[in-house]
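Here are my notes for you to read with the model open. Please take the points in order and find each residue as you go.

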Amino acid sequence: MAVKQPARPFPFHPVGSSWLNQVEIWFGILTRQSIRRGTFSSVNVLIKQIRDYINSWNENPKPFTWTATAGEVLTKVRLVQTNMKKLVRNNSK
């Protein structure tokens, strides 16, 4: 049985962010709200739980809202760049 697609597409995602970030966020929500701390007697019961959650999600979809400002994103990018340069320098010695 195919998994039902989200009811509406993501209308926007910031330049420089990966669409995978939003997929990862969605799986985090699925995990926190439906799977974590659950007790499943079989894989089929787990699959049913996930499908039920997806169906419920699709009945009342809400788009993700990007809350980081451009400045916050750029600050993190600069930090990662700095750390990567340090890592490369340390590994090239």
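1. First, a term: a salt bridge is a side-chain nitrogen of Lys or Arg within 4 Å of a carboxyl oxygen of Asp or Glu. Searching the whole structure turns up one salt bridge. Its partners are the side chains of Asp-52 and Lys-48, at 2.7 Å from N to O. Side chains of opposite charge can pair when their charged atoms come close.

2. Now some ground rules. What you see is a predicted model, where local features need pLDDT of at least 70 and side-chain atom pairs count only at pLDDT 80 or more, while totals for chains, interfaces and linings use all residues. Residues are numbered from 1 along each chain as its sequence is written, and side-chain values use heavy atoms, with hydrogens and water left out.

3. How many helices and strands does the protein chain have? There are three helices and zero strands, and from the N terminus the order reads α-α-α. Helices (H or I, at least four residues) and strands (E, at least two) are DSSP runs, numbered from the N terminus.

4. Next, how much is hidden? Call a residue buried under 20% relative accessible area, exposed over 50%, and partly exposed in between (1.4 Å probe, protein chains only). Of the 93 residues in the protein chain, 13% are buried. Asp-52 counts as partly exposed because its relative accessibility is 36%. The protein chain exposes about 8,000 Å², with carbon and sulfur atoms supplying 60% of that. Accessible areas come from the Shrake-Rupley method with a 1.4 Å probe, and for residues only the protein chains shown count as cover.

5. Have a look at the rings. Rings of Phe, Tyr and Trp (its six-membered ring) pair if their centres lie within 6.5 Å; planes under 30 degrees apart are stacked, over 60 edge-to-face, and the rest tilted. By this rule there are three aromatic pairs. One of them joins Trp-26 and Phe-27 edge-to-face, 5.3 Å centre to centre with 85 degrees between the planes. Trp-26 also pairs edge-to-face with Trp-57, at 5.8 Å centre to centre and 90 degrees between the planes. Trp-26 lies in helix α1 (residues 19-35) and Trp-57 in helix α2, so this pair ties together parts that are 31 residues apart in sequence. Ring pairs link Trp-26, Phe-27, Tyr-53 and Trp-57 into a cluster.

6. Which of these rings are hidden? Trp-26 and Trp-57 are both buried; for Trp-26 the relative accessible area is 16%. Phe-27, at 45%, is partly exposed.

7. On to the core. A nonpolar core is a set of buried Ala, Val, Leu, Ile, Met, Phe, Trp, Tyr and Cys residues joined through side-chain atoms within 4.5 Å. The largest one has six residues: Trp-26, Ile-29, Leu-30, Tyr-53, Ile-54 and Trp-57. Helices α1 and α2 each supply at least two residues of this core. In soluble globular proteins, nonpolar side chains tend to be buried together.

8. Contacts come next: the word means heavy atoms within 4.5 Å. Leaving aside residues up to four places away in sequence, Ile-29 touches Ser-34, Tyr-53, Trp-57 and Phe-64. Among contacts in the protein chain with a separation of 6 or more, 61% are between residues 24 or more positions apart.

9. Where is Gln-22? You'll find Gln-22 in helix α1, and with a relative accessible area of 5% it is buried. Gln-22 and Phe-64 are 42 residues apart in sequence, yet 7.8 Å apart in space, C-alpha to C-alpha.

10. Check Arg-37 too, in the loop between α1 and α2. Its phi is near 65 degrees, a positive value in a residue other than glycine. Most residues other than glycine have a negative phi. Arg-37 is exposed, with a relative accessible area of 78%.
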